[in-house]
Amino acid sequence: MATDFWMAQPEVYDTMRQLIAHNHPDLVLCEDEIAIVFREKAGKSGGQAVLGTSRKVAPLVNALSDKTYRFVLEIAADVWEHQLTTKQREALLDHLLCMCRCEEDPKSGDAKYSVAKPDFSAFRENLERYGMWFPKEGSENEGPSPVDEMFAADED
């Protein structure tokens, strides 16, 4: 059975542009080279619905198109339409944009495009119990962590 795909409506692109303007200045130069497509049904990974993915577009795809794309954001339409609030839709788009990276190559000065993996992987039940307890890489931990604060009363 083939999965249906279609391009996002203009209002989804408007939200993407707003997110780029406020949160992703590195993507301003390529915002018109980001495609957003909807997939009919969410895929599954590890038994969980995949709400969306970000991919770098292969040169072969651009050869088949009349437009050059750097990234494609693929969103599960069934979840987007029936399960997500407006704020959750915005958060999903922001999450997908966080994966898209555009950096200047120090040697050539050309833009380099890549897709980054998330900073951490977590389980919902662990986050519900302890909050965002993960240490922030590259920074000194100042003060007690949320986990330390939760269990401070237990140490008395």
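Predicted model: local features only at pLDDT ≥ 70, side-chain atom pairs only at ≥ 80, totals over all residues.

Visitor: What makes α1 and α4 oblique to each other?

Guide: Helix α1, residues 10-23, and helix α4, residues 86-99, pack at an angle of about 60°, and their axes are 10 Å apart. Roughly parallel would need an angle under 35 degrees, roughly perpendicular one of 65 to 115, and roughly antiparallel one over 145, while the rest count as oblique. The angle of about 60° belongs to the rest, and therefore α1 and α4 are called oblique to each other.

Visitor: Which residues of α1 and α4 meet?

Guide: From α1 come V12, T15, M16, L19, I20 and N23, and from α4 they meet E90, L93, D94 and L97; for such a pair, contact means that heavy atoms lie within 4.5 Å.

Visitor: Why is N62 counted as buried?

Guide: N62, which lies in helix α2, has a relative accessibility of 17%. Buried means under 20%, so N62 counts as buried at its 17%. Leaving aside neighbours within four places in sequence, N62 is in contact with V57, K67, T68 and Y69, and the N62 side chain reaches the backbone nitrogen of Y69 at 2.8 Å.

Visitor: And why is A58 called partly exposed?

Guide: A58 lies in the loop between β5 (52-56) and α2 (59-63), and the relative accessible area of A58 is 37%. Because buried requires a value under 20% and exposed one over 50%, with partly exposed in between, the 37% of A58 makes this residue partly exposed. As for its place relative to R70, which is 12 residues apart from A58 along the chain, the two C-alpha atoms are separated by 8.1 Å.

Visitor: How do you know that the side chains of N126 and W133 make a polar contact?

Guide: The value given for the two side chains is 2.7 Å, and a polar contact asks for a pair of N or O atoms within 3.5 Å, one able to donate a hydrogen and the other to accept it. N126 is found in helix α5, residues 124-130, and, leaving aside neighbours within four places in sequence, N126 is in contact with G131 and W133.

Visitor: How many helices and strands are there in the chain, and what percentage of its residues count as buried?

Guide: The chain has 6 helices and 8 strands, and of its 156 residues 27% count as buried.

Note on methods:
Residues numbered from 1 in each chain as written. Heavy atoms only, no water. Helix = DSSP H or I, 4+ residues; strand = E, 2+ residues; numbered from the N terminus. Buried < 20%, exposed > 50% of the residue type's maximum accessible area, 1.4 Å probe, protein only. Axes fitted to C-alpha atoms, helices over the stretch in contact; angles between N-to-C directions.
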